[in-house]
Every structure is written in C-alpha cells, then in structure tokens.
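Please read them with the structure open beside you.

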Amino acid sequence: MNTRTFTFPVPVVLAGARGHGRWHLNNIRRLQDEGLVRLAGVCELSPLTEEELGGLGSPEQSGDFGALLDSVRPAIAVICTPIPTHTDLALIAAERGVHLLLEKPPAPSYEEFRRMADGVASTGVVCQIGFQSLGSHAVPAIRELIAQGALGAVTGIGGAGAWARDEAYYRRAPWAGKRRRNGVDVVDGVLTNPLAHAVATALALAGSTRAEDVTAIETELLRANDIESDDTSCVRVDTATSRITVAATLCAERPGEPYVVVHGTSGRITFWYKQDRVLVQRSGHGPQEIEYGRTDLLENLVAHLTDGTELLVTPESTGAFMKVVEAIRQAPDPVALPEEAWELLPGENRRVVRGIDALVAAAAETLALYSELGAPWSALNEVSTR
C-alpha cells in the first residue's frame, strides 16, 4: 500500500498540457496560487514555452512520462493524453506510487478499463476520473430530492446535448473522430468523449454508476461528418432501477447548453450540468431555479490525500459509463447520413443536421430513440442492443 504523507503544496505532474490539457494547466495554476499544489513536471512531446507556463515557474519537462515521474517524484499525475494511452500511462504512474486524476473517458474499451482500474487498485494508489460534472453540488442535491419523493416515482432520465464542432475539430489530432487507429481502439464519438458528461451525469442521478447496474443498452450511431466515429447519436440504458436515454449531436442547428432531465410522476428536475443550474418543477409548487457550487476534482483529490476527504469519482463509479462505451465500441460502425440530411455552413465550416435540435430534445423528453421519433433518416439507423 502507498503510505506517503503529503504536505502543501502537493507536487503534481501534468501529462498532456496542450489541447484540453490547457484547461488542466490553468486549473493547476489556480490551485498553485492558492498554495495547494505545485507543478513539478510537464510531460509533452515538445516542451511548453515560458509563455505557456506563465506563472507556474520552471517545472521539469520531458517526453518520457516514466522518467519524469522517477525524477520529480510527484504525489499526483494528471493525465490528459489521447484516449488509447490512458491505461498504460495510469499504470506507469501507479507502479511508482503516484496518485491519479485521469481524464475521461478513462479507457476506449471495458477490457482496457478493467486493466487500468484493477492495476491501479493493486498498487494502493487512488484514481479520480475526470468527470467534472460529478463534482457539482447539484448531483447530491438532486439525488436527495428524488429520495424524498419530491417528483413522485421516477419514470426515467433523459439527456440532451446539441453542440457544434467545425471540420477542423476532427483534424486537431490524429485520433480525433476515429473508432480505431492502427488497430487500436479509440472510440472518439459524441457520446463517449465531448458529451460523455451527459451520459455519466444521467447515470449518477439514477444511482446506477456501477457496471453491474446496467441490464441492457441500445445504441443508434450516425455521422454527418466525413469521419469514422459518430457525431449524431443516441443511447438508451436500462438499469436495475431506471431507464435512461441520452441523445447528442455535434451538428446542431443552434448549439445550446447540454442538460439532464429527471422525469417523475409528479414533477421533473432539469440540470444544466456545465452551469451547475437546476430547475425543479413539481405539482403543488412554483418552479424553483437553483445554482449550485462545484468541487474541483483535482482539489478533491488533494483533499483526499491530505485529510481523507471522500473521493468523488472513483473508477468503480464509472463502470456503468464504461459499459456504454463498450456497447458503442461493439456496435456496427456509424451510418453516414445522406447529403440531403445535412448542410455545410460555409461561414463556420461545419455540418448541420436538419431538425436535429428538436430530435435531441424529444429523445430526452420521451426517452425514445431517433428511429422511434420518426427521424427522416430513421430507416438508415442500425439499433445495436447489448
């Protein structure tokens, strides 16, 4: 077991500091300014410039993750690298007694997820999975309202994400928009990466976060862009206690805030999870809108190591999400939408699926799949059940 003791500032290494990694770099800068952490090292193929590191001192830099960990001996490694590298890098850190904040999705397949989770657990280090929405104080508050019967009996949970990504988004990295690359699973689809939080948050509100909670999964995977993976999809998950449908697209007509909605026999709760904003609507009461705080997951990991605060997002609590990833991985390759189903917006250089915003919202409202909602291209859909 790992028995190191930790004092402030806790030394941290960041693997993957560009792209989405810039968010982590800025977050580490914030926590360093508060005296909680110290950026001890950065693992990147090309070193960060002084400008990129502004305010973070002169951390050691290397393209060799293991060598960097051996040199600086951090308490924590934040891993924000391509999806197929997550498991191997997590195990490299764990074998050295380094605790982890691992970006979502934790792995591209359930087998790789288990190899990571079991391997990390065997070393005695702890791992936080980077579903930032699960640090929202709204999640336990909504769960408490459900438990109190504020909505009556829960009839299901819907999720909706209508986002936009231009064609350059799929050229940002060699693995972007891929299902596989060089024979290795990637599974970079709309539900498994950019809007993965909608799936994970819906499962958390249902209280169905473990792999064994999932009883059935249906997927419909489509694409308007010239990619391998899906950009317009929906999934329906049955668990021991609930039915969940999440619909998402990166080809929205009018991009908006993603949300999860809990349906009950006497009310509903809508949660815009990026904003930590909740709308409670129930019989006999006026609508109530509440904005909640959020616990940062790296800050929570530091607190766990220094004073025993409970970890918010353990690997086991993402097992159900990984079952969804696995169902998507095993499903037939996404169906290409016909050209008449989408249009290219020249000024934004992005593809828009006609009518998709309404379909996404309707799926979250009715818990139906696109094919059941009469989508004009529904005959193309291949429903995969796992």
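1. Two strands are counted as paired if DSSP finds at least two bridges between them. By that criterion S4 and strand S5 (residues 99-102) pair, running in the parallel sense over 4 bridges, and within this part of the fold Val-78 stands opposite Leu-101 in S5.

2. Please keep in mind that this is a predicted model, although the protein averages a pLDDT of 96, and 98% of the residues score at least 70. Confidence is highest in strand S4 (residues 76-79), with a mean of 99, whereas the lowest mean, 75, belongs to strand S20 (residues 384-385).

3. The pair S4 and S5 belongs to an open sheet of 6 strands, which are arranged in the order S3-S2-S1-S4-S5-S6 with parallel pairing. Strand S3 (60-62) and strand S6 (127-129) lie at the edges and have a single partner strand each, so that one side of each is left without a neighbour in the sheet. If direction is ignored, neighbouring strands of this sheet are turned against each other by 20 degrees on average.

4. Helix H1 (residues 21-33) packs on this sheet, where it touches strand S1 (10-15), strand S2 (37-43), S4 and S5, and the direction of H1 makes about 150 degrees with that of S2.

5. Turning to the helix pairs, two packed helices are described by the angle between their axes and the distance between the axes. For helix H2 (residues 65-72) and helix H3 (residues 86-95), the axes come within 10 Å and cross at roughly 25 degrees. Because angles under 35 degrees count as roughly parallel, H2 is roughly parallel to H3, and the crossing in which H2 passes H3 is right-handed.

6. Which residues bring H2 and H3 together? From H2 they are Phe-65, Gly-66 and Leu-69, and these meet Leu-89, Ile-92 and Ala-93 in H3. The residues of this contact of H2 with H3 comprise 5 nonpolar, 1 polar and no charged.

7. H3 also has helix H4 (residues 110-123) as a partner, with axes that come within 9 Å and cross at roughly 5 degrees, and H3 and H4 are therefore roughly parallel to each other. On the H3 side the contact is made by Thr-87, Asp-88, Ala-90, Leu-91, Ala-94 and Glu-95, while H4 contributes Glu-112, Arg-115, Met-116, Gly-119, Val-120 and Thr-123.

Conventions: Residues are numbered from 1 along each chain as its sequence is written. This is a predicted model: local features need pLDDT of at least 70, side-chain atom pairs count only at pLDDT 80 or more; totals for chains, interfaces and linings use all residues. Side-chain values use heavy atoms; hydrogens and water are left out. pLDDT is the predictor's confidence in each residue, from 0 to 100. Helices (H or I, at least four residues) and strands (E, at least two) are DSSP runs, numbered from the N terminus. Axes are lines fitted to C-alpha atoms, for helices over the stretch in contact, and angles run from 0 to 180 degrees between N-to-C directions. Angles under 35 degrees count as roughly parallel, over 145 as roughly antiparallel, 65 to 115 as roughly perpendicular and the rest as oblique. A crossing is left-handed if the near helix is turned anticlockwise from the far one by less than a right angle, and right-handed if clockwise. Contact means heavy atoms within 4.5 Å. Ala, Val, Leu, Ile, Met, Phe, Trp, Tyr, Cys and Pro count as nonpolar, Asp, Glu, Lys and Arg as charged, and the others, Gly among them, as polar.
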